[in-house]
Amino acid sequence: MSLTNLSRRDLLSATRTSALGLAAAGTLAAPMVKAESGPQAQGAGLFGVDDLPDPAASRMRWAVVGLGNFAVGHMIPAFLQSRQARITAFVSGNPGKSRDLAARFGVSRVYTYETFDQIAHDPQIDCVYIALPVGLHAEFTIRALKAGKHVLCEKPMASTSAECSAMIAAAKAAGRQLGIAYRVHFDPFNMAVANMIKAGEIGKVRHLIAENCFEADPAFPPHAWRLTKQLGGGGSMFDYGIYGLNGCLMMAQEAVPVELSAIYTTPAGDPRFTQVEGGVLWRMRFADDMTAQGMSSYASAHINRLLVSGTGGSLAMDPANTYDRNMARRRRPNEADLIIDTVGSMPQFVQQIEGFCAAARANVPHRTPGEMGLRDITLIEAIYRSAQANGATVKV
Ligand code: NDP
C-alpha cells in the first residue's frame with residue numbers, strides 16, 4: 001500500500017483545471033482563524049503576503065444573512081481568512097447576537113429581516129451570503145437580487161424547483177450572479193479525485209454509490225427546523241442526501257440521468273418524522289448504462305462516503321465531503337492501493353468565497369450556479385415522486 005498526501009502541485013493542478021483557476025496551494029496549510037476584534041481581523045496576514053495580492057479596498061464586500069451554527073462556525077471564519085472578501089454587514093433576527101458579532105469582527109452595519117431591503121441603498125455591500133433555513137432561501141435571495149446584490153445561497157437551493165426557477169429569473173432580471181454554496185466543488189480533495197476519474201485512472205465509470213446519514217436531534221435548534229416541511233423543504237434527502245447526489249454527479253463529470261426510482265426508509269412510528277422523510281434509498285440510470293445510487297438518513301449514525309467503480313479500478317471516498325479530513329482509496333487490479341489523504345484544515349470554504357468574489361467581480365457565472373441547484377432540487381422532487389409511488393420508475 002502506498003500513501004499520498006495531496007501535494008501542493010496536485011492541488012494546484014486540481015484547481016487550475018477548474019473553471020476559475022483559483023490558486024489552492026497557498027491556502028492548503030492555512031490555520032483556522034482565531035477571531036480577533038477589530039476590522040484588521042479580516043484577512044489580515046493569515047496567508048503569505050504574496051498569495052492573494054488584492055488590497056483590502058478592492059475586496060468584495062459581503063452581507064451575511066442568518067447568524068447560525070454554520071455561518072458562525074465555518075463561513076464567518078472563512079470570510080475572515082479571505083483576502084478577496086470582507087464582511088461589511090450582518091443580517092439577523094437576533095439584535096443582541098448581531099451586535100456582539102459586529103463588535104467582535106469590526107462590522108459596521110447590522111440589518112434585521114425587516115430592514116433587509118434597505119441594503120439596496122447601501123453601497124458597502126456587493127454580495128450577500130444566505131445561511132438561513134431552506135424555507136427562507138428563495139425569499140431572501142430574491143430580495144437581495146432585487147436590491148442589486150450578487151447572491152451566494154446555501155444548499156439546498158430552495159424548497160421547490162418552482163422557487164429555484166424564480167430565483168434564477170430574479171438573478172437574470174437584476175443582471176447579478178446567483179451561486180449555490182456547493183463547497184465540495186471548491187474542495188481540493190474532491191477536485192483532485194474528480195480529475196483522477198476524468199483522466200481515466202479507474203477506466204470508464206460504471207457505478208457510483210453515495211451514503212449520507214446522521215441522527216437528527218429535535219432538541220438541537222439547527223436540527224429542529226430541518227424536521228419541519230416549511231423550513232426544511234424536505235427531509236434527509238434535502239439536507240444531507242443532496243451531498244451524495246451532487247457528489248455522484250460531480251464524479252460522473254456532471255452526466256445527466258435519464259430515469260430514477262426510490263423508496264422511503266423512514267422508521268415507522270418515529271415521532272421525528274411527521275412532516276419530512278427520515279430516509280430515502282434512490283437509484284439512477286444514465287444513457288450509457290452507468291448507474292448511481294444513494295442512501296440518505298436522519299435515523300442512523302453518521303456516515304459520509306462515496307464509492308466510484310470503474311472498468312479499471314475504484315475510488316472509495318470515506319469520508320467523502322466532510323469539512324476537514326477527507327480520504328480516498330484508489331484500488332486497481334494487480335497494484336498496491338493508493339491512499340489519497342488530506343491533512344490539516346481544508347481550504348474549501350475560503351476558496352468557495354473567493355470563487356464567488358471572482359465571479360461577481362467579472363459578473364460571470366459561478367462554478368456552482370443557480371442552474372445546478374435547480375437541477376438537484378428537480379431530481380430530488382423526482383426521487384420523492386418515485387418514493388410516493390412505491391419505487392415506480394420516473395423519467396427525468
Ligand atoms: P442554524 O439553525 O444554526 O442557523 C440558521 C439561522 O437562520 C438561525 O441561527 C437564525 O439566525 C436564522 N433564522 C431566521 N429565521 C429562522 C427561523 N424561522 N428558524 C430558525 N432560524 C432562523 O442552521 P445551520 O447553520 O445549520 O444552516 C443554515 C444554512 O446553512 C442551511 O441552509 C443549511 O442547509 C446550510 N448548511 C450548509 C452546510 C454546508 O456544508 N454547505 C453545512 C450546514 C448547513 P439569526 O438568529 O441570526 O436570525
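**Entry 1: two helices side by side**

I started with a helix pair: His 137, Ala 138, Thr 141, Ile 142 and Leu 145 in H4 meet Glu 163, Ala 166, Met 167, Ala 170, Ala 171 and Ala 174 in H5. By contact I mean heavy atoms within 4.5 Å. I sorted the residues of this H4 to H5 contact into eight nonpolar, two polar and one charged.

How do the two axes lie? Helix H4 covers residues 137–146 and helix H5 covers 161–174; their axes come within 9 Å and cross at roughly 5°. That makes H4 roughly parallel to H5, since angles under 35 degrees count as roughly parallel, over 145 as roughly antiparallel, 65 to 115 as roughly perpendicular and the rest as oblique. The axes are lines fitted to C-alpha atoms, for helices over the stretch in contact, with angles from 0 to 180 degrees between N-to-C directions.

**Entry 2: ground rules and the whole chain**

I'm looking at a predicted model, where local features need pLDDT of at least 70, side-chain atom pairs count only at pLDDT 80 or more, and totals for chains, interfaces and linings use all residues. Residues are numbered from 1 along each chain as its sequence is written, and side-chain values use heavy atoms, with hydrogens and water left out.

I looked up the protein chain's elements and got eleven helices and 16 strands. Both kinds are DSSP runs (helices H or I, at least four residues; strands E, at least two), numbered from the N terminus. Of the 396 residues in the protein chain, 56% are buried. Buried means under 20% relative accessible area, exposed over 50%, partly exposed in between, using a 1.4 Å probe and protein chains only. The accessible surface of the protein chain is about 16100 Å², with 55% of it belonging to carbon and sulfur atoms; that comes from the Shrake-Rupley method with a 1.4 Å probe, and for residues only the protein chains shown count as cover. For contacts in the protein chain between residues at least 6 apart in sequence, 72% join residues at least 24 apart.

**Entry 3: cysteines**

How many disulfides are there? A disulfide is a pair of cysteine sulfur atoms within 2.5 Å, and by that rule the count is zero. Cys 357 is in no disulfide: the nearest cysteine sulfur, that of Cys 127, is 5.7 Å away. Cys 357 is buried, at 0% relative accessible area. Cys 248 is buried as well, at 2%.

**Entry 4: a buried strand residue**

Leaving out residues up to four places away in sequence, Leu 208 touches Cys 248, Met 251, Ala 252, Met 290, Thr 291, Ala 292, Gln 293, Leu 307 and Val 308. Is Leu 208 buried or exposed? Leu 208 is buried, because its relative accessible area is 1%. Leu 208 and Val 308 are 100 residues apart in sequence, yet their C-alpha atoms are 4.6 Å apart.

**Entry 5: two residues in helices**

Asp 239 is in helix H9 (residues 236–251). I had it down as a charged residue, and at 9% relative accessibility Asp 239 counts as buried. Beyond residues up to four places away in sequence, Asp 239 touches Lys 155, Phe 214, Arg 226 and Tyr 298.

Leu 374 belongs to helix H11 (residues 370–388). With the sequence neighbours up to four places away left out, Leu 374 touches Met 157, Ser 161, Cys 164, Ser 165 and Ile 168. Leu 374 and Ile 180 are 194 residues apart in sequence and 9.5 Å apart in space, C-alpha to C-alpha.

Most residues other than glycine have a negative phi, and most peptide bonds are trans. I noted some exceptions.

- Lys 155 and Pro 156 are joined by a cis peptide bond, omega about -20°; Pro 156 lies in the loop between strand S6 (150–153) and H5.
- Asp 318 and Pro 319 are also joined by a cis peptide bond, omega about -5°; Pro 319 is in the loop between strand S13 (313–317) and strand S14 (327–331).
- Glu 254 has a positive phi, near 60°, and is in the loop between H9 and strand S9 (257–264). Glu 254 is partly exposed, at 31% relative accessible area.
- Asp 289 has a positive phi, near 70°, in the loop between strand S10 (279–286) and strand S11 (291–297). Asp 289 is partly exposed, at 48%.
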